[in-house]
Amino acid sequence: MKVGVLGGGQLARMIALAGYPFGIRFIFLDPSVGACATTLGSHLHGDYQDENLLAELAKRADVVTYEFENVPAKVANFLESHTSVYPPSKALAVAQDRLVEKNFLNDLGIPTAPYQDIISFDDLQKASEKIGYPAILKTRTQGYDGKGQSVLKSAADLKFAWEKLDGLAAIVEGFVTFSREISIVAVRSVSGELAFYPLSENVHKDGILRVSESRDNDPMQAKAEDYATRLMTALNYVGVLALELFEVDGELVANEFAPRVHNSGHWTIEGAETSQFENHLRAILDLPLGSTAAVGHVAMVNFIGGKPENEKVLEIPNAHLHLYGKAPRKGRKIAHATIRAKSIEELEPLKNRLIKLADDTDDS
Ligand code: AMP
């Protein structure tokens, strides 16, 4: 069995690592020579839009998946006309445009922050007035890790934020004063089998995920599962999906969803019976899904732009280090570590040691 992956970064790498025990082989299409997954399989080196390469990927792989959502619709449609591609292109089309995504979520009865699309400076002024300050201006496409976003504290910020957009289509959305950020990592197989991981509680800084912690038996679990089910059913979804949510006064407000394995699910490698990566493969190969039950209490800490000496991480009891094989660069996720403990009380000091190491070496 051979799985084709669009993209050869750390998510593709962790998918491949999960597939090796099953004897699954991998082929990655990625434009960069040293893409970090490519030591784990064949590498088709070139542009994502190159139809000859896409046709070769489709021919050599039994099924194709991807590790990022900004796959152009044209590429996904081309692949779908040649082979099985999961998640479906519809999920990409919805997730890669914030306006389409928010309309889609609201139509399913999943609440979001108030929002309005913007095509002129006049629109921006009127929408910000209506939604109220603070608000956030976000590009409709190509935004991730807080990129393409400006916080609007007052009308005085509008001009600069508008110029920064440089003509890109955008939305303004209300600033959500959340008590915490959570995500649900869910999975649906070709046969329609569904499974959900315990919620992840997430801490972001400058729009980038820093820490994720598993939350077993969380009071918001059932609501999050309901929203993820509505979304996956409507998309006829296959694979792992992450839905990012804000908690506000005991209610959940959706921010966005990622049609792929997700950074807030990395803790499942050591912290769940079956990792998100293995379950993604099981789902797209129509195998029975593995148990998503948590194994202990787990926290994951990202290393961004830089990382501590390996020894410093490994001397922390129960710490597991994942190096992505990527050169350090400002703002780039290059590794993560996971820590598991029997109780939250035991986890807390160990997690804080990891966070301190990350903070000391962070270059974002
Ligand atoms: P995004 O790129 O939309 O996932 O945003 C990255 C991060 O920015 C989120 O995880 C939040 O921490 C913050 N953020 C985004 N949108 C909002 C919002 N409407 N209100 C408050 N914080 C937000």
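# Exercises on a predicted model

Y20 has a relative accessibility of 34%, so this residue counts as partly exposed. Keep that in mind for the second exercise, and remember throughout that the model is predicted.

## Exercise 1: Domains and ligand

Work out which domains the ligand lies between.

Step 1. Start with the domain assignment, which gives domain 1 (2-85), domain 2 (114-174) and domain 3 (180-361). As a bit of layout, the C-alpha centres of domain 1 and domain 2 are 35 Å apart.

Step 2. Now look at who sits around the ligand. There are 17 residues in the shell, and the closest are Q149, E173, V176, E181 and E256. Sorted by class, the shell has five nonpolar, six polar and six charged residues.

Step 3. Next, check the strands. At least two shell residues come from each of β7 (135-139), β9 (170-174), β14 (239-248) and β15 (251-258).

Step 4. Zoom in on the atoms. From E256, a polar side-chain atom comes to 2.6 Å from an oxygen atom of the ligand. For G174, a backbone N or O atom is 2.9 Å from a ligand nitrogen atom. In H204, a side-chain N or O atom lies 3.3 Å from an oxygen atom of the ligand. As for cover, the ligand taken alone exposes 470 Å², and the protein buries 92% of that.

## Exercise 2: Aromatic rings

Decide how the rings of Y20 and F26 are arranged, then do likewise for F178 and F246.

Step 1. Searching the whole structure turns up six aromatic pairs. In the pair Y20 and F26, the ring centres are 6.4 Å apart and the planes meet at 5°, so this pair is stacked. The cut-off used here is that planes under 30 degrees apart count as stacked.

Step 2. Compare the surroundings of these two. Y20 is partly exposed at 34%, whereas F26, at 1% relative accessibility, is buried. Both belong to one aromatic cluster that also holds F28.

Step 3. Turn to F178 and F246. Their ring centres lie 5.0 Å apart with planes at 5°, so they are stacked as well.

Step 4. Now place them along the chain. F178 is in the loop between β9 and β10 (180-188), while F246 is in strand β14, so the pair ties together parts that are 68 residues apart in sequence. F178 is partly exposed, with a relative accessible area of 34%; F246 is buried, at 9%.

## Exercise 3: Helix α10

Is helix α10 largely enclosed by the rest of the structure or left open? And what does the side chain of H280 make a polar contact with?

Step 1. Take the helix from residue 276 to residue 284 and check its burial. Nine of the nine residues are buried, so α10 is largely enclosed by the rest of the structure. Among them are F277, L281 and I284, along with E278 and R282.

Step 2. Pick out H280, which sits in this helix. With a relative accessible area of 0%, H280 is buried.

Step 3. The side chain of T65 makes a polar contact with it, at 2.8 Å.

Step 4. Finally, step just past the end of the helix. There, D286 takes a positive phi of about 55°.

Technical notes
Residues are numbered from 1 along each chain as its sequence is written. This is a predicted model: local features need pLDDT of at least 70, side-chain atom pairs count only at pLDDT 80 or more; totals for chains, interfaces and linings use all residues. Side-chain values use heavy atoms; hydrogens and water are left out. A residue is near a molecule or strand if one of its heavy atoms lies within 4 Å of it. A polar contact is a pair of N or O atoms within 3.5 Å; within protein, one must be able to donate a hydrogen and the other to accept it, and residues adjacent in sequence count only if both atoms are side-chain atoms. Accessible areas come from the Shrake-Rupley method with a 1.4 Å probe; for residues, only the protein chains shown count as cover. Helices (H or I, at least four residues) and strands (E, at least two) are DSSP runs, numbered from the N terminus. Ala, Val, Leu, Ile, Met, Phe, Trp, Tyr, Cys and Pro count as nonpolar, Asp, Glu, Lys and Arg as charged, and the others, Gly among them, as polar. Domain bounds come from an automatic or database domain assignment. Rings of Phe, Tyr and Trp (its six-membered ring) pair if their centres lie within 6.5 Å; planes under 30 degrees apart count as stacked, over 60 as edge-to-face and the rest as tilted. Buried means under 20% relative accessible area, exposed over 50%, partly exposed in between (1.4 Å probe, protein chains only).
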